[in-house]
Amino acid sequence: MSETLRTDYLLIGFSVSSWFAACALREEDSSGRILAVTEEDRVYSRPLLSYVLGNRSNGMTYFGDVVSENPAEVWWNCAVEKLDGPGKWVELADGRRVAFGKALVATGGVPVFPPIPGAEGGGVFTFTRVDDMERMAAYIDQHDVEDILVLGGGFIGLKTCEALIALNKRITLVELAPRLLINMMDQTGSRYLEKALLKEGVEVVLEDTVERFERKENELCSSVLKSGRSLPHRLAVVAIGVRPNISWLAGSGLQVNRGVLVNAHQETSCPGVFAAGDVAETMNMITGERSVVAVWPEAVAQGKVAGKNMAGKHKTYQGSLPLNAVEVGETAIVSAGLVNPPDNGTYVTIIREERDVYQKLVLKEDRIVGLIFVGDIEKAGIYVHLIRHRIPVDSFREKLLQPDFGIISLPLNFRKHMVEGAGIEV
Amino acid sequence: MKHIKIHEEYCIGCRLCEINCLVKHSHTGKIIKAFKEESPRAFPRIRVEEEGCLSFALQCRHCEDAPCVENCMTGAMRRDKENATVLCDEEKCVGCWMCIMSCPCGVIKREKKTRRIASKCDLCGGVDEPVCVAHCPNEALTYE
Ligand SMILES: Cc1cc2nc3c(=O)[nH]c(=O)nc-3n(C[C@H](O)[C@H](O)[C@H](O)COP(=O)(O)OP(=O)(O)OC[C@H]3O[C@@H](n4cnc5c(N)ncnc54)[C@H](O)[C@@H]3O)c2cc1C
Ligand code: SF4
Ligand code: SF4
Ligand code: SF4
């Protein structure tokens, strides 16, 4: 066995949650060694990839100050193969061992890829990593791809459509469920989204899936759907979901379910080992159930909490809130929290619908627990704030979703508190 | 670091702040042209909220721990280290609307330029007196 290296803090995977953890660590501990090891050769913003693919960005792939102001020493192209939680060491793919004081598991998610006959041999992609994007862009160029199939109407599938629309491709979006964004959208919202997609030339096929891909002289040429329909396309993107990247944690001593189980301090079942971001299974602040909420803002918040606690501070995570945004053509869509409540009498919905605008709030007792905004999203952040801070809305309930709803609709104390920050008074 | 203070007891709801902010962010910077000729018309980065005889004008609070900055997945939205202003770098912004979802005041708008970007109060680009403050007839907005 080769020599064992040592670090005070080890970050496994180096992306958004690790970076926020590193910054939080450095704020609390000015001298401890912070080492990040990551499988990839660079750091980048995953949500930015679809915009880069669609030429809708300035080409940059990283986020914020992650390159210029990084408190961690990073070992690139350096996968961790094994973790011994109680023993506090990891083994890297090249055989080296690193012992740590505290560690953060931040290995994100991996795309779900079901076995579909014909998928092997090129032309079928998943889209979660920067090299997926680069290979896809190259394939489109080399094969003069015009027709593309996107399998999966979740956020990643829609973001992929958004990018491909910008590249003027003919796109068919196939989704097994009866609506798009199955967990984050309702039937009505989905219809708006389908209309917007159609307007951009995307054909949406619901309640169907790909049974097999077909090849001509080994090149991908079409697919046959479960319904029997055949669709010609030179490229396919499989975007049916991501799941926490935990397979490498077998034998680590960490408790895992769908993701790595953590408490409100982002600490795993193994003291001194933390987890954050898409790999972690946290408490959903709406349902109170454990769930994996794989979105950027939660990766940020969890990374910060993990970093502080790793440095010995006591910081609590408020629970995760699923939320996302997408824009197709001119139609912007956001959703957050619980948007399809069970029909058991506990939930009330408030709806505003006019022309291109559809807004829905889901309330439980006197709190908002979910929202869908289509078309007019400007004030969505106010409602998200009410959800996150569990603000009782009874005293201004009749103003919710009114066009002139605003900070002025909120109780005086709360309103002052909100606009006061940094020495500002109302 | 100066801030725009909002004094709701003095606001008369005249919307001169909105009008002048719009003009300031128009192509021509001229009031008649901005309203009658420019298309698409510029829009104000400030919003007058009204309820009965209560009103106030609200723009970005340039928050200290700004959630819009934290949740921006490009780094376009950032806090200027020198003057503590929260600004959106149009070059980097891709219009993903994570900031809109994160702003508790709802003061970020979608704007369509050569591509979509997030648009909000820029404190008039760092002038001595922002135009909304300068044009308020009743000192309902002050810069101090
Ligand atoms: C195309 C796309 C679009 C998205 N759009 C949005 C959006 O608009 N809004 C939003 O909120 N969220 C979006 N997301 C989700 C968002 O990107 C994630 O929530 C976020 O990146 C999670 O960050 P993370 O730090 O947990 O892990 P990740 O960003 O997944 O990074 C994990 C890191 O760990 C490394 N790693 C993995 N295994 C190992 C190992 N064994 N050893 C060493 N290193 C390892 C990986 O190489 C990677 O660098 C999108 C995701 C994708 C793929
Ligand atoms: S845009 Fe909103 S969140 Fe961002 S600094 Fe301004 S008020 Fe704060
Ligand atoms: S819309 Fe622009 S400023 Fe807002 S979060 Fe996205 S990239 Fe950042
Ligand atoms: S400071 Fe300038 S940009 Fe900001 S609201 Fe006032 S006029 Fe508009």
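Which residue lies over the face of W75(A)? R96(A) does, at 4.8 Å from the ring centre. A charge is taken to sit over a ring if NZ of Lys or CZ of Arg is within 6 Å of the ring centre and within 35 degrees of the ring normal. A further case of this arrangement involves R97(A), whose charged end sits over the ring of W89(A), 3.6 Å from its centre.

The model is predicted, and local features need pLDDT of at least 70, side-chain atom pairs count only at pLDDT 80 or more, and totals for chains, interfaces and linings use all residues. Residues are numbered from 1 along each chain as its sequence is written, chains are lettered from A and ligands numbered from 1 in the order in which they are written, and side-chain values use heavy atoms, with hydrogens and water left out.

Over all chains, a search of the whole structure finds eight aromatic pairs. Rings of Phe, Tyr and Trp (its six-membered ring) pair if their centres lie within 6.5 Å, and planes under 30 degrees apart count as stacked, over 60 as edge-to-face and the rest as tilted. The pair of W19(A) and F63(A) is edge-to-face, because the ring centres are 5.9 Å apart and the planes stand at 80°. W19(A) belongs to helix α1 (residues 16-28) of chain A and F63(A) to the loop between α2 (49-53) and β3 (73-75) of chain A, so the pair ties together parts that are 44 residues apart in sequence. Helices (H or I, at least four residues) and strands (E, at least two) are DSSP runs, numbered from the N terminus. W19(A) is buried at 9% relative accessibility, and F63(A) is buried at a relative accessible area of 2%; buried means under 20% relative accessible area, exposed over 50%, partly exposed in between (1.4 Å probe, protein chains only). W19(A), F20(A), F63(A) and W296(A) form one aromatic cluster.

An open sheet of three strands in chain A has the order β12-β13-β14, with antiparallel pairing; two strands pair if DSSP finds at least two bridges between them. β12 (210-216) and β14 (230-232) of chain A each have a single partner strand and stand at the edges, so one side of each is left without a neighbour in the sheet. Strand β13 (residues 219-225) of chain A pairs with β14(A) in the antiparallel sense over three bridges. V224(A) stands opposite S230(A) in β14(A).
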